[in-house]
Amino acid sequence: MLGLPLGLIHLLNALLVLAAVAAGPQGPWDDRGYTRISTACFLSLCLSVIGGLITLVPSVRRAMGAWWLAPPLVLGAVAYVRMATLA
């Protein structure tokens, strides 16, 4: 029952991480670029938490398996590293 929303959350999360990693600020003066990247990283971290919490629900974990914890962990880690190294 929660497989489709969980898949959509992971897809949106992956798109945000891709946008945050692929796009970079044009220079040290590009405050808007830094803001957009950090916003994408923050939203990705939020989606990772939501996806992880949905996956931790016992009925979802039994029906879909524990490997569904991997996407939010990996995407959240990539977003965190990108946000931490943005400066």
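Helices (H or I, at least four residues) and strands (E, at least two) are DSSP runs, numbered from the N terminus. By that reading, the protein chain holds four helices and zero strands, and its elements run α-α-α-α from the N terminus on. The model is a predicted one, in which local features need pLDDT of at least 70 and side-chain atom pairs count only at pLDDT 80 or more, while totals for chains, interfaces and linings use all residues. Residues are numbered from 1 along each chain as its sequence is written, and side-chain values use heavy atoms, with hydrogens and water left out.

A look at the whole chain comes first. Its C-alpha trace spans about 50 × 20 × 15 Å along the principal axes. Of the 87 residues, 34% count as buried (under 20% relative accessible area, with exposed over 50% and partly exposed in between; 1.4 Å probe, protein chains only). Among contacts (heavy atoms within 4.5 Å) between residues at least 6 apart in sequence, 77% join residues at least 24 apart.

The interior can be followed through its nonpolar core, a set of buried Ala, Val, Leu, Ile, Met, Phe, Trp, Tyr and Cys residues joined through side-chain atoms within 4.5 Å. The largest such core has 16 residues, and Leu6, Ala20, Ile37, Cys41 and Met64 have the most contacts inside it. At least two residues of this core come from each of helix H1 (3–22), helix H2 (31–56), helix H3 (58–64) and helix H4 (70–84). Not counting residues up to four places away in sequence, Ile37 touches Ala20, Ala23, Gly24, Pro25, Arg82 and Leu86.

Next comes the packing of the helices. Axes are lines fitted to C-alpha atoms, for helices over the stretch in contact, and angles run from 0 to 180 degrees between N-to-C directions. H1 and H2 pack at an angle of about 155°, with their axes 9 Å apart. The two helices are therefore roughly antiparallel to each other (angles over 145 degrees; under 35 count as roughly parallel, 65 to 115 as roughly perpendicular and the rest as oblique). H1 passes H2 in a left-handed crossing, meaning that the near helix is turned anticlockwise from the far one by less than a right angle, whereas clockwise would be right-handed. The residues of this contact divide into 13 nonpolar, six polar and no charged (Ala, Val, Leu, Ile, Met, Phe, Trp, Tyr, Cys and Pro count as nonpolar, Asp, Glu, Lys and Arg as charged, and the others, Gly among them, as polar).

H2 meets H4 as well: their axes come within 9 Å and cross at roughly 155°, so H2 and H4 are roughly antiparallel to each other. The crossing of H2 past H4 is left-handed. On the H2 side the contributors include Ile37, Cys41 and Ser44, and on the H4 side they include Leu75, Ala79 and Arg82. By class, this contact has nine nonpolar, six polar and one charged residues.

Found in helix H2, Ser44 is buried, with a relative accessible area of 0%. Leaving aside neighbours within four places in sequence, Ser44 is in contact with Asn13, Leu16, Val17, Leu75 and Ala79.

Finally, the axes of H1 and H4 come within 10 Å and cross at roughly 25°, and these helices are therefore roughly parallel to each other. H1 passes H4 in a left-handed crossing. The contact is made by residues including His10, Asn13 and Val17 of H1 and Pro72, Leu75 and Val78 of H4.
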